[in-house]
Amino acid sequence: MEKVLILDFGGQYNQLIARRVRECHVYCEVRPYTMALAEIKAFDPVGIIFTGGPDSVYAKDSYHPAQGIFELGIPILGICYGCQLLAHHLGGEVTAAQDDSAREYGKTATVFDNSTPLFADLPETGVTWMSHGDYMARVPDGFRLVAHSANCPNVAICDEKKGFYGVQFHPEVAHTENGSAMIRNFLYRVCGAKGEWTMESYKERTIAEIRKKIGTGSVLLALSGGVDSSVCAALLAEAVGQQLTCVFVDHGMMRKNEGDEVEAAFSKWNIHLIRVNAKELFLGNLAGVTEPEEKRKIIGEAFIRVFEKEGQRIGHVDYLAQGTIYPDVIESGKGDAAVIKSHHNVGGLPDYVDFKEIVEPLHNLFKDEVRELGRDLGLPSYLVDRQPFPGPGLGIRVIGEITEEKLDMLREADAIFREEVEKAGLSHTMSQYFAALTNMRSVGVMGDGRTYDYAVALRSVTTEDFMTAEWTRIPYELLDKVSTRIVNEVPHVNRVLYDVTGKPPATVEFE
Ligand code: XMP
C-alpha cells in the first residue's frame with residue numbers, strides 16, 4: 001500500500017497535515033523526526049513531509065532528520081520549519097528575520113508560479129497562512145523560487161528534478177486558500193500516489209490482520225456504547241465472530257439511562273455481551289480524589305481490573321480490545337510530546353495488564369474515519385453518529401471530587417440540555433454538547449430565600465476532528481430555556497454558565 005511519512009518536528013498543526021493527506025486517500029503516519037534512516041527505508045514511503053516546528057534550524061540542539069534522507073530519491077515537502085530544513089541541509093542559508101518586515105504571521109497575500117507541479121492548475125494569487133520568524137536568506141543551488149509575498153521573495157522553493165518542495169506557509173490549515181489542493185498536487189503529481197487508501201481497503205486489510213493475530217484465541221472488548229468501541233465491536237465481530245465477548249462496564253458515571261440504552265442497542269446484535277455493574281468499585285476508588293490526571297488513572301486501572309476479572313471468569317481470554325483512536329494516542333503523549341490528558345484507554349492504563357496483548361484496531365483512524373468505517377460495516381446511524389462520550393464518563397465532568405449526589409445532579413442537568421437541543425432540532429449543528437458540574441458554589445436567591453449552591457457549565461463544540469474545536473454559537477433562546485429548566489428542576493443548582501472557549505486553549509472536556 002502506498003504510504004506517506006510525516007516527520008514530526010514539533011509543529012502545532014502536524015495532525016492536520018495527516019488529515020489532509022488522508023482526505024486525499026493516501027495513507028500516512030506521523031512519526032518522530034528521530035526516525036532512523038533504516039526505519040524510513042523499511043517504511044518505504046512514496047513521499048515524505050517535514051512538518052513545521054518551533055525551533056530555528058541553525059540553533060544548537062535543533063531537530064534534524066536522519067542523515068542520508070535527501071539521498072533516498074524520495075520526494076520531500078517541507079512545511080515552514082521543514083522548508084527551512086531543506087534550505088539548511090542542501091546548501092542554502094536560513095537566518096533570523098532582522099526586522100518585522102521579514103517576519104510573517106497570519107494571512108498573507110501570496111503570488112504563485114503555477115508552472116510548478118505543486119501549484120499546477122491553481123490560481124496565481126491567494127492567501128496563505130504564515131507563522132515564521134526565520135527566513136531563507138539564500139536558496140540552495142538547483143532550487144528555484146515559486147512563490148512570493150510583498151515581504152518575502154522566497155515563500156516557496158523547489159527542485160523539481162529531485163522532487164523537493166518547500167513552503168514557508170502552512171498549506172494544511174484552512175486559512176490557506178487551496179492548501180489542500182497543494183497537498184494533493186504534491187501527493188499525486190510529485191509522489192505519483194494513486195489514492196488507494198479507502199475505508200473499504202482499510203476494513204479488508206484490518207480484518208485480515210486481526211484474524212491472523214487472534215488465530216483461534218479469544219478477545220474481550222471493552223464496549224462503552226460510544227462510537228469508537230461500537231465500531232470496534234462491529235469490526236471484531238466481522239473478523240472473529242463468536243471468539244469475541246463484549247464487556248460493558250457500568251461504572252456508575254454514565255449519562256442518564258445510558259446503561260440500559262447501550263444494553264438494549266447491543267442486545268439486537270448477534271454478539272456476546274456482558275454488562276458488569278461496578279459502581280461501588282469505581283466510586284470507592286475515586287472517593288476524595290480531586291486531581292484530574294489521578295482520577296483518569298484510577299478509572300483506567302479499575303476498568304482493567306474489571307476486564308481481568310471477567311476474563312478469568314470466562315477463562316482463556318487472550319486479548320483485550322479497545323476502541324482507541326488516533327487523537328487519543330496523540331493527546332496522551334508519546335515520546336517528547338506533551339501529555340495533555342491521559343485518555344483512559346491509552347495513558348490511563350496500568351503498567352501491568354493480565355492479557356497477552358491489547359488490540360486496538362482503530363488506533364490509526366481519526367473520528368470521522370471511524371464513523372465512515374462504522375457505516376461501511378453496516379452499523380445503524382444511532383450508533384455511528386452519536387456524539388462522543390469519554391471512557392471516564394461523567395467522572396471527568398464532575399470537577400473535583402466525585403460523589404453520587406453530584407453525579408445525580410449532573411445527570412439531570414445534562415439530560416435537560418440534551419433534550420432541549422434535540423427538541424430545537426439543533427443536535428446536527430454541534431459535534432459534542434454536554435453539561436459539567438463545576439466545583440464552584442455561589443449565592444443565589446430562590447423564592448424569598450438565599451441559596452448557596454452549585455454552578456452547572458454547559459459546553460458545546462463544533463469540530464471536524466476534536467483536535468481543535470470552536471465553541472458553538474447556541475441561540476440565546478435555547479440557552480435561556482435550558483438554564484431555566486436546570487435551576488428549576490435540579491436541586492442544589494442555582495447558576496448555569498456557558499463555556500465560550502475554543503480548543504485550544506481549552507480542551508473539550510473540563511478535566
Ligand atoms: P479533549 O478533552 O481531550 O477531548 O479535548 C477530545 C475528545 O476526546 C474525548 N475524550 C475521551 N475519549 N477516553 C475517550 O474515549 C478518554 O479518556 C477521553 N478524554 C476525552 C472527548 O469527549 C472529546 O470528544
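**View 1. D121 and R189 pair up in a salt bridge, with their closest N and O atoms 2.8 Å apart.** A salt bridge here is a side-chain nitrogen of Lys or Arg within 4 Å of a carboxyl oxygen of Asp or Glu. D121 sits in the loop between β6 (104-112) and β7 (125-132) while R189 belongs to helix α4 (residues 179-190), so the pair ties together parts that are 68 residues apart in sequence. Helices (H or I, at least four residues) and strands (E, at least two) are DSSP runs, numbered from the N terminus. D121 is exposed at 67% relative accessible area, and R189 is partly exposed at 44%. The cut-offs: buried is under 20%, exposed over 50%, partly exposed in between (1.4 Å probe, protein chains only).

This is a predicted model, where local features need pLDDT of at least 70, side-chain atom pairs count only at pLDDT 80 or more, and totals for chains, interfaces and linings use all residues. Residues are numbered from 1 along each chain as its sequence is written, and side-chain values use heavy atoms, with hydrogens and water left out.

**View 2. E258 and R255 form a salt bridge, closest N and O atoms 2.7 Å apart.** Both partners are tucked away: E258 is buried at 2% relative accessible area, and R255 is buried at 5%.

**View 3. K423 meets E420 in a salt bridge (3.3 Å, N to O).** Both lie in helix α13 (residues 404-423), three residues apart, or about one turn of the helix. K423 is exposed at 59% relative accessibility, whereas E420 is buried at 3%. Zoom out a bit and there's a salt-bridge network linking E419, E420, K423, R485 and E489.
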